[in-house]
Amino acid sequence: MTETITGGCLCGATRFRYAGEVGGAGYCHCTDCRRVTGSAFNVSVGLDAARFDIVAGAPKGHAKYAESGHELTRWFCPDCGSSLYTASPVHPDTVYVKAGAFDDPTVVRPTHQSWTRSAVEWARIDPDLPGFEADRRG
């Protein structure tokens with residue numbers, strides 16, 4: 001299904017637009033993804049790079065060789081630091097947009113996990129753990 005979707009960073013300085021097929025999302029448990037997200041894993045959606053446009057702002061990139069041996073460039077807002085997407089010369093036709101960067105979270109449809117050997121035990125959320133619809137303080 002072809003969709004036009006939008007997204008951006010926390011402060012709104014960097015915005016993107018995408019018009020094309022939206023595939024499945026993947027969870028990545030590698031050490032680099034945990035560090036860059038500050039969480040237990042990364043969730044991203046692979047999109048056709050030719051249909052992905054930055055429409056406001058100028059993301060900054062940080063290139064690093066990953067555990068896979070491939071170079072990855074992680075792009076983020078230079079104003080607020082929000083992670084936006086990842087690109088790699090190994091997959092030049094794809095950008096991997098961070099799930100939290102989409103304006104409409106329903107476009108994110110997880111289909112797989114990678115680097116599960118690096119998954120942390122505490123990332124599994126116990127269904128018996130108390131939950132709150134909003135802030136637990138009220």
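Student: How many aromatic pairs does a search of the whole structure find?

Tutor: The search finds five aromatic pairs, where rings of Phe, Tyr and Trp (its six-membered ring) pair if their centres lie within 6.5 Å, and planes under 30 degrees apart count as stacked, over 60 as edge-to-face and the rest as tilted. Before going further, note that this is a predicted model, in which local features need pLDDT of at least 70, side-chain atom pairs count only at pLDDT 80 or more, and totals for chains, interfaces and linings use all residues. Residues are numbered from 1 along each chain as its sequence is written, and side-chain values use heavy atoms, with hydrogens and water left out.

Student: What kind of aromatic pair do Phe16 and Phe102 form?

Tutor: Phe16 and Phe102 form an edge-to-face pair, with 5.9 Å from centre to centre and 85° between the planes. The pair links distant parts of the chain, since Phe16 sits in strand β2 (residues 15–21) and Phe102 in the loop between β9 and β10, 86 residues apart; helices (H or I, at least four residues) and strands (E, at least two) are DSSP runs, numbered from the N terminus.

Student: And are Phe16 and Phe102 buried or exposed?

Tutor: Phe16 is buried, and so is Phe102, where buried means under 20% relative accessible area, exposed over 50% and partly exposed in between (1.4 Å probe, protein chains only).

Student: What about Tyr27 and Phe41, which form another aromatic pair?

Tutor: Tyr27 and Phe41 are also edge-to-face, at 5.1 Å centre to centre and with 75° between the planes. This pair, too, links distant parts of the chain, with Tyr27 in strand β3 and Phe41 in the loop between α1 (31–37) and β4, 14 residues apart. Tyr27 counts as partly exposed because its relative accessible area is 27%, and Phe41 is partly exposed because its relative accessibility is 26%.

Student: Which residues form one aromatic cluster?

Tutor: Phe16, Phe52, Trp75, Tyr85 and Phe102 form one aromatic cluster.

Student: Turning to the largest nonpolar core, which residues touch the most other members?

Tutor: The core has 20 residues, of which Val22, Val45, Leu47, Phe52, Val97, Phe102 and Val108 touch the most other members; a nonpolar core is a set of buried Ala, Val, Leu, Ile, Met, Phe, Trp, Tyr and Cys residues joined through side-chain atoms within 4.5 Å. At least two residues of this core come from each of β2, β4, β8 (83–87) and β9, and β4 gives the most, with three residues.

Student: What is Val97 in contact with?

Tutor: Leaving aside its neighbours within four places in sequence, Val97 is in contact (heavy atoms within 4.5 Å) with Phe16, Val43, Ser44, Val45, Leu47, Phe52, Leu84, Tyr85 and Phe102.

Student: New topic: how much space lies in the largest pocket?

Tutor: About 530 Å³ lies in the largest pocket. On a 1 Å grid over the protein atoms alone, a pocket is an open set of points where a 1.4 Å probe fits, with protein on both sides within 12 Å along at least five of seven lines, and lining residues have an atom within 4 Å of a point. Grid points are joined across faces, edges and corners, and a volume is the space filled by probe spheres set on the points.

Student: Which residues lie nearest the centre of the largest pocket?

Tutor: Of its 23 lining residues, Cys28, Leu72, Tyr96, Ser114 and Trp115 lie nearest the centre. Two or more lining residues come from each of β3 (25–28), β4 (42–48), β7 (71–76), β9 (94–98) and β10 (110–114). The lining divides into eight nonpolar, twelve polar and three charged residues, with Ala, Val, Leu, Ile, Met, Phe, Trp, Tyr, Cys and Pro counted as nonpolar, Asp, Glu, Lys and Arg as charged, and the others, Gly among them, as polar.

Student: Where does Trp115 lie?

Tutor: Trp115 lies in the segment after β10 and has a positive phi of about 55°, although it is not a glycine. Trp115 counts as partly exposed because its relative accessible area is 27%.

Student: And what is the volume of the second largest pocket?

Tutor: The second largest pocket has a volume of about 210 Å³ and is lined by 14 residues, with Thr37, Ser83, Lys98, Gly100 and Ala101 nearest its centre. Its lining divides into six nonpolar, seven polar and one charged.
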